[in-house]
Amino acid sequence: MTYRSPVPYHVERMHAAAVYCSDGRVGEHFDDFLKHGLKLPRYDRVALPGGPGCLAGHTEARLEQEGVIGELKFLTDAHRIDRVILIQHEGCAFYGHRLGVDDARMSTLQRADLVRAAFQIRRVSSDINVEAYFASRDDSGMLFEQVQVD
Ligand SMILES: [Zn+2]
């Protein structure tokens, strides 16, 4: 099978990366937010279950944390990224299943983890600007709200 994508290819890089959960139900929302909300059409993607939750020092995700830090070091060197966007999403299965967090305290922990993740990323390079968002469902789509991480 062969498929030709009609999407134009651009050589220029955005020098920005987003770290978010790989949950397929929210992928298009994240892409829409980054492309249109933040005007970053060709941002680098670091997607894995839990997203920034894997950078918050949880022992259950120790190996993932090492992996993501390694990826961000690579992107800093090879793609010269200087901006990282972290996104958490409502009802993330990484928190419910992997960490055993109940719904009542999930979003509080996710927001606190954004601060912890931002700290870890700044240890990779102090030149990286980190910003963070929390995505929640609303009637017809998803709402992205900025979370202070400095
Ligand atoms: Zn998730």
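Trainee: Is Gly141 buried or exposed, and why?
Mentor: Keep in mind that this is a predicted model. Gly141 is exposed, because 12 other C-beta atoms lie within 10 Å, and the cut-off for exposed is 12 or fewer.
Trainee: Which strand is Gly141 in?
Mentor: Strand S5, residues 141-147.
Trainee: And how far apart are Gly141 and Asn129?
Mentor: In sequence, twelve residues. In space, 28 Å from C-alpha to C-alpha.
Trainee: What does Asn129 pair with?
Mentor: Asn129 is in S4, and its bridge partner is Arg83. Strands S3 and S4 (residues 129-138) run parallel, with seven bridges between them.
Trainee: How many bridges join S1 to S3?
Mentor: Four, and those two strands are parallel as well. Ala18 sits opposite Ile85 of S3.
Trainee: How many residues of S3 are buried?
Mentor: Six of the seven in 83-89, so S3 is mostly covered.
Trainee: New topic. What about the largest nonpolar core?
Mentor: It has 35 residues. Ala17, Ala18, Val19, Val84, Leu86 and Ile87 have the most contacts inside it.
Trainee: Which element gives the most to this core?
Mentor: S1, with five residues. Elements giving two or more include helix H1 (27-37), helix H4 (103-124) and S3.
Trainee: What is Val19 in contact with?
Mentor: Beyond its neighbours within four places in sequence, Val19 contacts Val46, Gly51, Pro52, Leu55, Val68, Val84 and Leu86.
Trainee: Why do nonpolar side chains end up like that?
Mentor: In soluble globular proteins they tend to be buried together.

How values were computed: Residues numbered from 1 in each chain as written. Predicted model: local features only at pLDDT ≥ 70, side-chain atom pairs only at ≥ 80, totals over all residues. Buried ≥ 20, exposed ≤ 12 C-beta atoms within 10 Å, placed from the backbone. Pairing = 2+ DSSP bridges. Core = buried A, V, L, I, M, F, W, Y, C linked by C-beta atoms within 7 Å. Contact = placed C-beta atoms within 7 Å.
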